[in-house]
Amino acid sequence: MTGPRLGRAPAVLLVPATIGIALLVVPLATLVLDTPWRTLPEHLGSEVVREALAITALSSLLTVIGCVVLGTPLAWLLARVDFRGRRVVRALVLVPLVLPPVVAGVALVTALGRSGLIGQHLPFSIPYTMSGVVLAHTFVSLPFYVLAVEGALRTHGGSYDVVAATLGADRWTTFRRVTLPLALPGVLAGSALAWARSLGEFGATITFAGNYPGTTQTMPSLIYVALNSDPTVARTLSLILLVLSVGVLVLLRERWAVGR
Amino acid sequence: MRVEVDIPGRVSADLEAAAGEVVVVIGPNGAGKSTLLRAIAGLEPGRVRVGDDDWTDLEVPRRRVGYVFQDQSLFPHLSALDNVAFGPRARGRHRREAEDLALGWLRRFGIAELAHRKPRELSGGQAQRVAIARALATDPDVLLLDEPFTGLDVSVQVALRIELGQHLRDFPGIALLVTHDAIDALTLADRVLVLDEGRVAQVGPPAEVAAEPRTPHVARLVGLNLVADGEDLIAFTPDAVTVSLAEPEGSSRLRWHGPIATLAPHGDAVRLLVHASPDLLADLTPAAATELALVPGREVWLSAKATAVSRYGAAATGR
């Protein structure tokens with residue numbers, strides 16, 4: 001490292017930092033080291049695992065799409081439109097960030113469960129279906145997405161919107177051609193956050209959508225089940241999830257680096 | 001065409017300009033120059049009439065203005081061409097048509113070869129040309145330019161000022177240009193509008209405003225001393241002032257007294273700023289300055305011959 005030499009890093013800071021690194025790295029390292037590589041292909045090929053992988057991939061993809069479709073306009077509303085009660089709406093929208101996922105699941109059941117306040121009037125059933133999984137995931141991921149995109153919208157402020165308006169653009173044209181392209185890094189970051197949140201979602205999913213192999217059993221739910229019956233399988237599946245999440249995050253990071 | 005702007009408590013101004021005229025707006029900081037432009041564009045709430053139309057409740061996109069912002073504000077993600085084509089497209093032209101139009105404008109500004117560059121790949125002068133082309137491309141009724149030369153190199157300013165003058169001559173609407181530079185006012189304006197504390201202090205052709213300024217700000221811009229004398233204003237150049245240590249003899253009422261604030265070379269002369277009432281400038285030769293042993297803080301007498309000053313009524317005219 002170059003720069004002025006300010007003296008040695010003091011132990012009082014170095015020691016806790018090192019413990020922190022160990023705390024974060026050691027469990028993941030043992031997970032990688034302790035993986036039964038020999039039986040890995042066999043586990044990967046099993047029906048249950050393939051189904052859980054497919055459900056996780058599909059539900060996380062749909063969740064990201066749901067977040068983009070609902071969350072982008074929501075972030076725009078919070079960042080650009082000065083309406084009464086905006087602060088309250090903003091606070092409410094962000095509650096799921098700090099909500100225990102299992103509470104989110106219970107809330108969804110209360111509202112949309114078969115005998116829920118809204119659910120009992122619906123002509124179709126949401127819980128224990130794939131749409132239930134996506135709904136639960138979107139519920140917990142959306143605040144992350146909104147936060148990221150709202151931040152991106154605020155960094156450019158409204159100044160370019162004003163310029164577009166003086167050139168005769170209405171708000172929709174401005175949103176499409178100016179606001180959204182400028183907030184694209186935030187949209188990508190938010191999507192990555194929402195995707196990662198969806199990938200690991202367990203509590204709300206299992207509470208609201210259950211754990212049925214082939215319909216609602218996602219990877220985390222399968223890992224939870226497997227840990228009781230066959231810890232080796234649980235470790236294998238965990239490794240897959242780890243590789244998947246790290247892999248996609250690295251990919252996204254490189255894309256951003258190119259975009260800049 | 002008549003333009004009336006009223007923002008209660010801040011700016012109240014109306015001006016009459018023929019189509020094709022350039023009105024240069026000058027005035028001290030805080031006089032409301034930018035606010036005036038922003039109100040016409042609808043960026044500040046206020047009552048606005050342009051010609052026979054009431055714009056007060058018109059949304060920003062519906063006002064036929066072109067706005068050149070101080071910092072250019074080019075869309076960073078769009079090429080120069082797309083920046084200029086943005087307005088025509090937003091106002092309903094087809095993509096190809098808008099791009100042809102935009103290319104025409106870039107050609108007129110001599111920067112057609114930069115059409116596909118992003119704003120960050122343009123120099124300050126090039127970016128300002130794109131910004132002006134973008135504002136003109138929507139064919140506005142009123143062109144608003146907010147200090148378009150600020151932040152550019154002096155040589156770039158000179159070239160761009162000449163170029164802008166040519167384009168403004170071809171522009172059929174009225175142009176309002178805010179500046180704090182006397183050169184802009186004198187070279188580009190058909191009419192100069194002096195704002196002071198949100199009100200029109202003076203309107204007139206640039207030569208008239210420069211010769212008979214009505215506000216201390218304009219007097220300073222054009223390098224004149226301005227003194228109120230009853231109902232009249234008196235303007236005179238710094239080299240018409242005589243400096244002496246003792247009270248000048250004779251009956252002239254044109255004499256003032258005060259300490260020297262600053263003393264600096266000005267061309268071949270030495271220019272004094274004297275804290276009389278009001279502040280006055282005086283030029284004298286270096287030899288004279290040395291002989292009188294002038295230093296800041298020294299009390300001096302200033303006087304001017306009645307034949308060397310111009311005297312005119314203080315009431316606002318030139319509407």
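Two residues count as in contact if their C-beta atoms, placed from the backbone, lie within 7 Å. Before you click further, note that this is a predicted model, where local features need pLDDT of at least 70 and side-chain atom pairs count only at pLDDT 80 or more, while totals for chains, interfaces and linings use all residues. Residues are numbered from 1 along each chain as its sequence is written, with chains lettered from A and ligands numbered from 1 in the order in which they are written.

**Stop 1: chain B as a whole**

Stay zoomed out. The C-alpha trace of chain B spans about 80 × 40 × 30 Å along its principal axes. Switch to cartoon and you have 9 helices and 18 strands to look through. Helices (H or I, at least four residues) and strands (E, at least two) are DSSP runs numbered from the N terminus. Of the 319 residues in chain B, 43% are buried. Buried means 20 or more other C-beta atoms within 10 Å of the residue's own, exposed means 12 or fewer, and partly exposed is in between, with C-beta atoms placed from the backbone.

**Stop 2: two domains**

Color 2-216 of chain B one way and 225-313 another: these are domain 1 and domain 2, with bounds from an automatic or database domain assignment. Their C-alpha centres lie 39 Å apart. Where they touch, 5 residues of domain 1 of chain B are in contact with 6 residues of domain 2 of chain B. The domain 1 side of that contact has 3 nonpolar, no polar and 2 charged residues. For these classes, Ala, Val, Leu, Ile, Met, Phe, Trp, Tyr, Cys and Pro are nonpolar, Asp, Glu, Lys and Arg are charged, and the others, Gly among them, are polar.

**Stop 3: the largest core**

Now select B:V23, B:V24, B:V25, B:I40, B:V84 and B:L144, which touch the most other members of the 100-residue largest nonpolar core. A nonpolar core here is a set of buried Ala, Val, Leu, Ile, Met, Phe, Trp, Tyr and Cys residues joined through C-beta atoms within 7 Å. Helix 4 (residues 124-136) of chain B gives the most to this core, with 7 residues. Both domain 1 and domain 2 of chain B give residues to this core, so it lies between them.

What is B:L144 in contact with, leaving aside its neighbours within four places in sequence? Show B:L37, B:I40, B:A41, B:V65, B:G66, B:Y67, B:V68 and B:L176. Another core, of 44 residues, lies apart from the largest one and includes A:L112, A:F139, A:L153 and A:A192.

**Stop 4**

Strand 1 (residues 2-7) of chain B runs antiparallel to strand 4, joined by 4 bridges; strands pair if DSSP finds at least two bridges between them. Look for B:V5 opposite B:V48. Strand 5 (residues 53-54) of chain B also pairs with strand 4, antiparallel over 2 bridges, and B:D53 is the bridge partner of B:V50. That hairpin has 2 residues between the strands, and B:G51 takes a positive phi near 60°.

**Stop 5: the open sheet**

Move along chain B to 5 strands forming an open antiparallel sheet in the order 13-17-14-15-16. Strand 13 (241-244) and strand 16 (280-284) are the edges, each pairing on one side only. For a closer look, select strand 14 (residues 255-266) and strand 17 (residues 299-304) of chain B, an antiparallel pair with 5 bridges. B:R255 stands opposite B:S303 there.

**Stop 6: over to chain A**

Bring up both chains: 14 residues of chain A are in contact with 15 residues of chain B. Helix 7 (159-166) and helix 8 (171-182) of chain A each supply at least two residues of the chain A side, and helix 7 gives the most, with 6 residues.

Finish at A:T205 in helix 10 (residues 203-208) of chain A. Is A:T205 buried or exposed? A:T205 counts as buried because it has 30 C-beta neighbours inside 10 Å. Leaving aside neighbours within four places in sequence, A:T205 is in contact with A:V133, A:A136, A:H137, A:T218 and A:S221.
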